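Take a look at the model below.

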Amino acid sequence: MKLSEIKKELNSLTSIAFQLPNGELVPNHFHVTEVGKVTKHFIDCGGTIRNEEIANFQLWEANDYDHRLHPEKLVHIIELSERVLNMPDLEIEVEYQMKDTIGKFSLGFDGTNFLLTSKETTCLAKDNCGIPVEKVKAKIGEWKEKVSCCSTESNCC
């Protein structure tokens, strides 16, 4: 989800709820303690230099049960961050304190709740560092057309 998308959704809501991947909701007295622009300048395992920018939201909860962040307030915080930090329309990553460490999540929306979705690592240079391409598993009888696994010129058969 990008900044423009969350602002659009917030403008149609009367309350904000974030749902964890396990279905639990972040307690509704959470705070958005940070909205930032994170720049990552790195080299991947294949030797390619990369630059990535994301918008980062940090959610935090305390024993402040009377505090509720309203949608228009979060829109204001996002717009202030865009202006002051010169943020383009970036993808959002959300940080949230889990039991033992900070969890990092992508963000989605189901029409009611903002969904904190799990992130996964991957190799960015699979073609350069020797990671084999995953082969599609299929039963021969399921193929729509016959495909020869060997050409007459190859030495594989």
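This is a predicted model. Begin with Asp44, which forms a salt bridge with Arg50. Their closest N and O atoms are 2.7 Å apart. Asp44 has 9% relative accessibility, so it counts as buried. Arg50, at 26%, counts as partly exposed.

The structure holds five salt bridges. Another of them joins Glu93 and Lys119, with the closest N and O atoms 2.6 Å apart. Glu93 lies in strand β4 and Lys119 in the segment after β6, so this pair ties together parts that are 26 residues apart in sequence. Glu93 is buried, with a relative accessible area of 9%. Lys119 counts as partly exposed at 40% relative accessibility. Salt bridges with shared partners link Glu93, Lys104 and Lys119 into one network.

Now turn to Lys7 and Glu82. They form a salt bridge too, and their closest N and O atoms are 2.8 Å apart. Lys7 sits in helix α1 and Glu82 in helix α2, so the pair ties together parts 75 residues apart in sequence. Lys7 counts as buried at 17% relative accessibility. Glu82 counts as buried at 17% as well.

Glu82 leads us into α2. Which residues of α2 are buried? They are Pro71, Leu74, Val75, Ile78, Ser81 and Glu82. Seen down the axis of α2, these buried residues fall within an arc of 125°, so they line one face of the helix. They pack against α1, β2 and β3. On the other side of α2, Glu72, Arg83 and Val84 are exposed. Just after α2 comes Asn86, with a positive phi of about 55°.

Note on methods. Residues are numbered from 1 along each chain as its sequence is written. This is a predicted model: local features need pLDDT of at least 70, side-chain atom pairs count only at pLDDT 80 or more; totals for chains, interfaces and linings use all residues. Side-chain values use heavy atoms; hydrogens and water are left out. Buried means under 20% relative accessible area, exposed over 50%, partly exposed in between (1.4 Å probe, protein chains only). Helices (H or I, at least four residues) and strands (E, at least two) are DSSP runs, numbered from the N terminus. The arc is that of the directions from the helix axis to the C-beta atoms. Contact means heavy atoms within 4.5 Å. A salt bridge is a side-chain nitrogen of Lys or Arg within 4 Å of a carboxyl oxygen of Asp or Glu.
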